[in-house]
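These notes are meant for a colleague who is opening this structure without having seen it before. Please keep the sequence and the model in view while going through the numbered points.

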Amino acid sequence: MSDRHDGSTIDLEKALVRYMVERKLSRRELLERIAAVGSAAALAPIIAACSTAGATPSPAASASAAPPPSAAPTASPSPTPVPSPETELNILNWTDYLADEVIKSFEAKYKVKVTQSFFSTTDEMYAKLGDDGGDYDISFPISVDVPNMIAKGTIAKLDKSLLTNIKNLGTEWANPGYDLGNTYSVPYMWWTTGVGYDPARLGGEAPTSSKALWDKRWSQHISMLDDWQEVFGLTLIQLGHSANTDDAAELDEALALLKEQKPLVRTYSTDTIGTMTSGDIWIGHIWGADRFAIQETIPDFAYFIPEEGGVKGSDTVATFSGSPHPIAAQLFINHLLDAEQSAANTNLIYYMGPNAAAKEFIDPAILDDPTINPDQEIVDKLEELLALDQAVRDEYLSRWQELRG
């Protein structure tokens, strides 16, 4: 109940209601004013108006003053509108690494003109990107290089409010060791490293372990990758250790095993397609995706992930601190995370993406190929190569030089 006051006393409660009604001011707005300027300043106009008019309203005024409105239900907050992207987007890419329809659908959806430039080696890519991405908005750094690019300030932090499709990533890709929480990059495509061989050259044998690369029967017909981290990774896993170990004794054990193998190895090469199709190599350490190109020359060429486990790698997609079109870049990354767009890229290049939602749109022949889409039991045995601290890296490199010297 409100008390009645004489004319010299302010009925603040009624005055407050009248003031709010006349000015269409909500309680929330009034509270915001009080929070911003203080109660004295916020209520001063009300007190002044009431003092001038007197405490007792006239019948007409009483009739015109509406009772306090009942509290309206709180409305759900409106979704934050997607900011308008810039009209251009510049991509630095491997050749044939994005499906044409993915580019076209992005251009149509956002009215953005996409321009692609290409590189043929990772060294060329990083030279073009420089310290801030150069004139490029999007590129595809290898996961192992991401930590260094973050430390240098090359890669820009992702705006997760624009990446609504990031929920499509498989759980095993939600928190990769090279970029915790996918804060600066998103995995794009992944592959395995394993063993490829010509069944006819091996007399019909079908090995399942990386130990086949140490088999003296294939002496001088064995190839290994000319990549220190891949070679040590495969050897360490065969020995039951982590591919990213920092234990000097485990590295020495791996080096000793590689020295035993060296007289059997014909070549160390990163051109696994040319090496395996030369006719001199019967079995080799290769990147799994190269199998398809090799099969154009050797139709029966086979590939397996070692039963003791193997190495997986991935390309990421990232935008850069110097991106000239940052909104378009974030929206393009989100576009790549769309299930159908991700599947279109997989169907083009025969790499599995990390997009769990994309599987229903991927060519069944790809999904049914265990060398591209391994069973979970195999996936659980795969280990991603990580960026190593410089001191640990030096331990690997010194042993690699000793092996290759």
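1. Because R399 belongs to helix α16 and D252 to helix α9, the pair ties together parts that are 147 residues apart in sequence. Helices (H or I, at least four residues) and strands (E, at least two) are DSSP runs, numbered from the N terminus. R399 is buried, with a relative accessible area of 9%, whereas D252, at 40% relative accessibility, counts as partly exposed. In these terms buried means under 20% relative accessible area, exposed over 50%, and partly exposed in between (1.4 Å probe, protein chains only).

2. Before going further, please note that this is a predicted model, in which local features need pLDDT of at least 70 and side-chain atom pairs count only at pLDDT 80 or more, while totals for chains, interfaces and linings use all residues. Residues are numbered from 1 along each chain as its sequence is written, and side-chain values use heavy atoms, with hydrogens and water left out.

3. How many salt bridges does the structure hold? The count is ten, and one of the pairs is D226 with R404, whose closest N and O atoms are 3.6 Å apart. Since D226 sits in the loop between β4 (222–224) and α8 (228–238) and R404 in helix α16 (residues 390–404), this pair ties together parts that are 178 residues apart in sequence. D226 is partly exposed at a relative accessible area of 35%, and R404 also counts as partly exposed, at 32% relative accessibility.

4. Another salt bridge joins D131 and K152, with the closest N and O atoms 3.6 Å apart. This pair links distant parts of the chain, for D131 is in the loop between α6 (122–129) and α7 and K152 in the loop between α7 and β3, 21 residues apart. D131 is exposed, with a relative accessible area of 53%, while K152 is partly exposed, with 49%. Elsewhere, E205, D215 and R217 are linked in a network of salt bridges.

5. Side chains of opposite charge can pair when their charged atoms come close. Against that background E384, in strand β9 (residues 382–384), deserves a careful look: E384 is buried yet has no salt bridge, and the nearest side chain of opposite charge, K312, is 4.6 Å away.

6. Which residues form a negative surface patch? They are E172, D375, E377 and D380. Patches are made of residues with over 30% relative accessible area and no salt bridge, like charges being joined within 9 Å and nonpolar side chains (Val, Leu, Ile, Met, Phe, Trp, Tyr) within 5 Å. E172 itself is placed in the loop between α7 (146–151) and β3 (186–197) and is partly exposed, with a relative accessible area of 42%. E172 and A356 are 184 residues apart in sequence but 9.9 Å apart in space, C-alpha to C-alpha.

7. N182, with a phi of about 50°, lies in the loop between α7 and β3 and counts as buried at 2% relative accessibility. Y350, with a phi of about 60°, lies in the loop between α13 (339–349) and α14 (364–367) and counts as partly exposed at 33% relative accessibility.

8. A last point concerns E250, which lies in helix α9 (residues 248–261) and counts as partly exposed at 21% relative accessibility. E250 and L236 are 14 residues apart in sequence and 7.5 Å apart in space, C-alpha to C-alpha.

Definitions and conventions: Accessible areas come from the Shrake-Rupley method with a 1.4 Å probe; for residues, only the protein chains shown count as cover. A salt bridge is a side-chain nitrogen of Lys or Arg within 4 Å of a carboxyl oxygen of Asp or Glu. Lys and Arg count as positive and Asp and Glu as negative; His and the chain ends are not counted. The place of a charge is taken as NZ of Lys, CZ of Arg, CG of Asp or CD of Glu.
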